Amino acid sequence: SGPVSWELEVARLLVPLMTAYTAILAVAVIFRKQLQMVRLWMIRNQVIICGLGEKGWLLANQLNQAGYCVVIIEKESDNPKNEACREKRMIVIEGDASQPYKLKQAGLHRASHLIAVCGDDSVNVEVALAASELSSVRRKGVLSCAVHITDPDLCTLLRDREFGLEPFPKIRLEIFNIYEMGARILVNEHLPFIRTEVESQSAPNILVVGMGRFGESVVIQAARRWYDACADKTGMLTISLVDEKAEEKAACLNLKYPTLAECCELKPYSIDLEDPQFDKVETLFLTSSIFICLSDTIHGLQTALNLRQQLNRNQPPIVVRMQEDSGLAKLLVV
């Protein structure tokens with residue numbers, strides 16, 4: 001009873017409007033999922049990416065920009081990259097990619113490529129095995145299946161065994177390790193001793209900063225290249241390692257690769273990269289090439305700039321690991 005204030009009148013109008021808006025959003029979500037299923041039935045030769053971590057995200061964007069139809073299977077429903085991919089008209093299916101029904105839902109029998117880049121090697125193997133069995137009844141074409149294996153020993157083992165895929169002629173399997181591939185490309189492009197002129201020079205001293213998976217791969221690839229090209233001509237290659245656990249990493253590498261000591265000498269420097277003493281390590285002034293292999297792009301660039309400022313007269317080439325070839329990578333060449 002009594003007069004009704006304008007605030008209450010507004011609230012009486014907004015309540016049903018909010019209810020209607022919520023209902024519309026729910027219908028839109030359902031409609032979008034149904035529309036996605038319709039698109040899945042219509043597309044052909046799609047690329048299926050299993051796992052939407054950093055590797056899956058970069059692959060999906062590059063393939064989408066190149067004009068491929070991309071279908072993503074991601075286990076984590078709350079992954080913020082799911083919605084970002086949908087906004088770019090990529091199809092995202094939430095669920096476990098190692099389950100055959102999810103691969104069927106993604107249209108595996110019509111796909112041209114399957115890329116398994118989940119964070120767990122065992123899941124990637126399960127995806128490949130499930131895809132192999134499903135592809136045995138494939139009517140047209142051959143499925144190209146690329147499987148990422150982080151562990152280098154397991155990667156080599158699976159390459160040798162090839163999962164026993166002889167009974168599945170409708171699938172072409174490729175085992176790859178992104179750290180090994182990237183390190184091989186980096187060594188081939190940036191290390192000077194791959195040139196024939198090295199015969200008249202002494203063995204170089206290279207510096208690797210950051211001994212994660214990529215840093216270890218750089219060390220192994222550099223040692224292999226040196227052994228194949230120059231070890232019998234100019235002596236031992238010196239590789240200085242800078243990491244918080246450099247001594248431990250060096251010991252593990254020597255234990256894991258017994259022949260490593262035949263062609264190169266590892267010099268570990270267990271230093272926190274945030275430590276001001278890092279820039280004063282004596283090996284910096286004797287180095288012929290520096291490789292910054294840190295996973296954090298910003299930290300890697302800061303380290304490279306600090307080294308460049310410290311080595312104001314001795315200026316060896318500095319190569320920085322970057323996640324993308326755009327943005328800061330195009331803006332700054334160290």
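By about how many helical turns are glutamate 83 and arginine 86 separated in helix α3? The two residues lie three positions apart in helix α3, so about one helical turn separates them. The structure is a predicted model, in which local features need pLDDT of at least 70 and side-chain atom pairs count only at pLDDT 80 or more, whereas totals for chains, interfaces and linings use all residues. Residues are numbered from 1 along each chain as its sequence is written, and side-chain values use heavy atoms, with hydrogens and water left out.

Side chains of opposite charge can pair when their charged atoms come close. A salt bridge is defined here as a side-chain nitrogen of Lys or Arg within 4 Å of a carboxyl oxygen of Asp or Glu, and the count by this rule is four. Glutamate 83 forms one of them with arginine 86, with the closest N and O atoms 3.8 Å apart. Arginine 86 also forms a salt bridge with glutamate 94, at 3.4 Å between the closest N and O atoms. Through shared partners, Glu83, Arg86 and Glu94 are joined into one network. Glutamate 83 has a relative accessible area of 32% and is partly exposed, a class that lies between buried (under 20%) and exposed (over 50%), with a 1.4 Å probe and protein chains only. Glutamate 94, at 33%, is likewise partly exposed.

A further salt bridge links the side chains of glutamate 54 and lysine 81 (3.8 Å, N to O). Glutamate 54 belongs to helix α2 (residues 54–65) and lysine 81 to helix α3 (residues 80–87), so the pair ties together parts that are 27 residues apart in sequence. Helices (H or I, at least four residues) and strands (E, at least two) are DSSP runs, numbered from the N terminus. Glutamate 54 counts as partly exposed because its relative accessibility is 44%.

Leucine 143 lies in strand β5 (residues 143–148). This leucine counts as buried because its relative accessibility is 0%. The C-alpha atoms of leucine 143 and histidine 109 are separated by 8.2 Å, and the two residues are 34 residues apart along the chain.

Methionine 18 lies in helix α1 (residues 6–42).
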